[in-house]
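I opened a notebook for this structure and wrote down each thing as I looked it up. The entries follow in that order.

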Amino acid sequence: MENRTKFPHFLSSLRSKFRIFSKKRLSGDLSFKIFAALIACNVFAVLGLMLYKIIQESWLSVRMYGLGFLWGTTWQPVPPNPSMLPSFGALPPIWGTLVTSAIALLLGVPISIGIGLALSEFAPKRFGFIVSFLVELLAAIPSVIYGLWGIFVLIPFLQHNVYPSLQATLGFLPIFQGTIRGPSVLTGGIVLAIMILPTVSAITRDVFAAVPRSQREAVIALGATRWETSKVVMSYGRSGVIGAIILGLGRAVGETMAITMVVGNSFNMFDSLFDPGYTLASIIANEFTEASSPPVYISALMEVGLVLFVLALVINTLARLIIWRTSKMKVRAEVV
Amino acid sequence: MNRYMIRKIKDRIMVSLAYLALIIALIPLVSILIETATRGIPAINLSFLTERIPPLGQPGGGIGPAIQGTLIVVGIASIIGVPIGVFSGIYLAEFRETKLASATRFLTDVLTNMPSIVIGIFGWILIVTVIGWSVIAGAVALAVMMIPIVTRTTEEAMKLVPVTIREAALALGIPRWKTTITVVLSSAKKGIATGILLAIARISGETAPLLLTILGSRFWFGGFTEPTAALPLAIFNFSQSPYSAIDWPRAWGASMVLILMILGINVAVRYFTRGKYG
């Protein structure tokens, strides 16, 4: 109490007049900052907890199969002979993920770059705005509806009109031999290609639009055609486009529902693209709810999830680093 | 033919190819919309929207519990996800230069692109293994998907608020945190609402996380710790049914309802904010 009365009177009146200096206000700002920061830290908690929990749940399988899990090719939750142990290896779904994603990029990337060029270089602004909106609507359609459309519209079309002639012309390649099946690795890749279009093309368009005017004007002044100009634009935005492609790859690798519905869901090391297969995501979606016993079955599926988590983490980190480093453009969160 | 002609022809070809790419990209969109409408609309009537889900292969009934379940799960997910997302976005926009902000921004983008099945696994481990297949588990999984989207759109919307508005408020002696919450936040509310709506549209159609958390059911909502139905799960189950004549039209009908919900939100949002974020 004594200390309080010692406080000079004129100072305390100053304090109440210029309240901006008051301790209370400062601590209000500070506590707001701390509060917001704590909430913003939720991503650390979520990602950290996710990694920890998935490792914890897959530990049984990690201990039993070791690194061999990654190149094992058997998947026997219930072994044919009771004296045998269940055995799990994830190479076929890894292989399926790689092949379907490769098909998706092979088909989707050229089209996306074409869209990016058309929207940023060739098309009139107003038209470009409407078409951009339509392409982005593709991203809004739920994955399960892509799957439904894939089963009942795309597969009958491909199976009767496209695949036979594909086999007739390119059948000498081993990847196009064998029985033609509708739900197959190739169909999965095609659906993925459609699904990555909005992501890759939206970023590509933004990357091209961010290329400085002077670059274009310089080549136009030399008498370049539109195509020659856009070659310069593409080479200037090269690394941004690579970032977009890697981000598209991330989407293709992680896509679950649509691919589960069209890829055929069969555990095998396929040779032909007309064969059914599995991907990392689809094997989890397809088997998880039925995987009640033995406990190592669930643990093996969790380890597949762990592989997927790490793959997605690496791919997305790479894509973000490239995109962030090369351009300051805004990539809108709702698209990507 | 001289060199100039060759260049000109090449130019024509490449530009047409770019436009062709546009057309190719729009074919699936148009096809999905037309097929869903033509196959889905005949299946929709009042009883389809309000009645209980019948067992596979049995005629009659509807998708009432699925619509109810989607609304409940998405609603709870939003209650969890929106405040967390908005406050994270505020932090990123207000303290954008800090190291923590760059790290958070980076991880938020990584989380946005996490495969949905991994989010489902997370929900399963975290909640289903403790209290069982439940509405709560599904809502938490969807909230995890929603938070990064809301965070980033809130951040972008708040960055668009002119610095002069903030300075005017600070000049009046309003402390910084109050300026942020009252002045900046309310100037950015349209952009933030846009982000929230788009995030809701995005999670309403998610199937994989729900498959591992709410499991699906044919019955009306029975409590927060019980499994429940949801539209995307209903579509998936109907599509896997062997009774093509009875269940496949239902899958299309449910898809039509889901697409109307999601595209409705998207088109409305774009219409009201046109020119601003385009």
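I began with the two chains and found 79 residues of chain B in contact with 73 residues of chain A, where contact means that the C-beta atoms of two residues, placed from the backbone, lie within 7 Å. On the side of chain B that touches chain A, the largest share, 20 residues, comes from helix H1 (residues 3-40) of chain B. I then sorted that side of chain B by residue type and got 52 nonpolar, 17 polar and 10 charged residues (Ala, Val, Leu, Ile, Met, Phe, Trp, Tyr, Cys and Pro count as nonpolar, Asp, Glu, Lys and Arg as charged, and the others, Gly among them, as polar).

I noted that this is a predicted model, in which local features need pLDDT of at least 70, side-chain atom pairs count only at pLDDT 80 or more, and totals for chains, interfaces and linings use all residues. Residues are numbered from 1 along each chain as its sequence is written, while chains are lettered from A and ligands numbered from 1 in the order in which they are written.

Next I looked up a helix pair in chain B: helix H6 (residues 135-159) and helix H9 (residues 189-204) pack at an angle of about 155 degrees, with their axes 8 Å apart (axes are lines fitted to C-alpha atoms, for helices over the stretch in contact, and angles run from 0 to 180 degrees between N-to-C directions). H6(B) and H9(B) are therefore roughly antiparallel, a term for angles over 145 degrees. Among the residues making this contact are Leu142(B) and Met145(B) of H6(B), and Ile192(B) and Ile196(B) of H9(B). By type, the residues of the contact of H6(B) with H9(B) divide into 10 nonpolar, 5 polar and 2 charged.

Helix H13 (residues 280-287) of chain A has 7 of its 8 residues buried, so it is largely enclosed by the rest of the structure; the buried ones include Leu280(A), Ile283(A) and Asn286(A).

Last, I turned to Pro79(A), in the loop between strand E1 (75-76) and strand E2 (87-88) of chain A. Pro79(A) is partly exposed, with 13 other C-beta atoms within 10 Å. Not counting residues up to four places away in sequence, Pro79(A) touches Met84(A), Leu85(A) and Pro86(A).

Notes. Helices (H or I, at least four residues) and strands (E, at least two) are DSSP runs, numbered from the N terminus. Angles under 35 degrees count as roughly parallel, over 145 as roughly antiparallel, 65 to 115 as roughly perpendicular and the rest as oblique. A residue is buried if 20 or more other C-beta atoms lie within 10 Å of its own, exposed if 12 or fewer, and partly exposed in between; C-beta atoms are placed from the backbone.
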